[in-house]
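Keep the structure open as you read.

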Amino acid sequence: MALSGKRVLLIIGGGIAAYKCLDLIRRLREQGAAVRCIMTRAAQEFITPLSVGALSADHVFTDLFDRQDEQDVGHIRLAREADLVAVAPATADLMAKLAHGLANDLASAVLLATDKPVLMAPAMNPAMWSHPATRRNFETLAKDGIRFTGPNSGEMAESGEAGEGRMAEPLEIVAAIENILDDGKKPLAGKRIVVTSGPTHEAIDPVRYIANRSSGKQGHAIAAALARLGADVHLISGPVTIPNPVGARTVHVESAREMREAVESCLPADAGIFVAAVADWRAETQSAEKIKKGKYGSTLTLSENPDILAEIGHHGSRPQLVIGFAAETENVIENARVKLLKKGADIIVANDVSHDSGVGPGGVMGGARNRVQVVGTEHVEEWPEMSKDAVAERLAALVAERLAK
Ligand SMILES: Cc1cc2nc3c(=O)[nH]c(=O)nc-3n(C[C@H](O)[C@H](O)[C@H](O)COP(=O)(O)O)c2cc1C
């Protein structure tokens, strides 16, 4: 019970994702936290104080001018009695209010009055999230020390639109709360780490693309393991079918060029771990229309994609620690050594993805197990075959050790 004895004040904003808060309350209580809730007026349009009160087993606060509540607890006490204030969903409106110091209802007054850490889990339509006003408010709040989890990319509940703006899942919010309340105790607390994962898809036309067999399992497991050690993890994922890892901020991209842009926007970072199987090549031209069968030539002309690992390894704001993954089918260690120098990495984690690598079932690509060799400038470590989760744990511990130096 990671939150045993902790008091979480949960402010529920008026977004469609409010329904996820019912599960969030349950998950927080499962971890031993006492959860007290404030609901905005808009939140009560989506879920009822009755359900929130039943799940939190506490009175639900809704009104700044409720005479009984003000006499019994008072908004200042409400703000201070918690160990952490979480806002989920954090609406565009609540973010704007706090960024500008407005306090005209209970939620905003408490946010201004609290002296405790505040975690926001934004949720809104992608257009609202990317609006310059919301970007400015986000930056102001981040500068004021407000912590954020999510939003994630994906399909919106109400419109089916895809993009960044989905609220972090309840377990991700719980993990973020645990991280904040544990701050300083975990070995990677305060470290910002960028991880890439999955394949890239390089479009030929609207329906066809060049891809590879990477599943994202290893990269996602690494992102989750780093987050468990307290890191602020930014995961840039290619197209995968697995869920976002708990505790990491995940951005979804398609192509190598999009991945490069997303990675660059995360710099500066303390470490970069490049696990994604980025396509080396893309079609030189992408047709906006589906290419008709008869129109195919016998050749597809390719152009070389950016080498993200090499670019970051030689970047002006190079992270202190750069780790690359290399899928090899022969001369695994020799090839990894060459890559280490060429790409400016500190460590290359080489995996033998040949069909007879002995890792099964499913092999390394797409399977659940991995066998890697960790090649540094001065040493090579052979790790025995283990689950991808176990490789992730061990690598996260290695990252913590290297960043502590
Ligand atoms: C169906 C519906 C869904 C909404 N979803 C969101 C949302 O996900 N995020 C958001 O910021 N606002 C959303 N809004 C708008 C907010 O409810 C509105 O800005 C409200 O004033 C927010 O109040 P609050 O910040 O006090 O909770 C939605 C409105 C409606 C009618």
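Two strands pair if DSSP finds at least two bridges between them. Helices (H or I, at least four residues) and strands (E, at least two) are DSSP runs, numbered from the N terminus. This is a predicted model: local features need pLDDT of at least 70, side-chain atom pairs count only at pLDDT 80 or more, and totals for chains, interfaces and linings use all residues. Residues are numbered from 1 along each chain as its sequence is written, and side-chain values use heavy atoms, leaving out hydrogens and water.

**Partners of strand 20**
- Strand 20 pairs with strand 18 (residues 347–352) in the antiparallel sense, over 5 bridges.
- In that pairing, Val-375 of strand 20 stands opposite Ile-348.
- Strand 20 also runs antiparallel to strand 21 (residues 380–382), joined by 3 bridges.
- Here Val-374 stands opposite Glu-381.
- A hairpin of 3 residues links strand 20 to strand 21.

**Burial of strand 20**
- Buried means under 20% relative accessible area, exposed over 50%, and partly exposed in between (1.4 Å probe, protein chains only).
- In strand 20 (residues 372–376), 5 of the 5 residues are buried, so the strand is largely enclosed by the rest of the structure.
- Val-372, Val-374 and Gly-376 are buried on one side, and Gln-373 and Val-375 are buried on the other.

**Cysteines**
- How many disulfides does a search of the whole structure find? It finds 0.
- A disulfide is counted when two cysteine sulfur atoms lie within 2.5 Å.
- The closest cysteine sulfur to that of Cys-37 is in Cys-21, 7.6 Å away, which is too far for a bond.
- Cys-37 is buried, at 0% relative accessibility.
- Cys-266 is buried too, at 7%.
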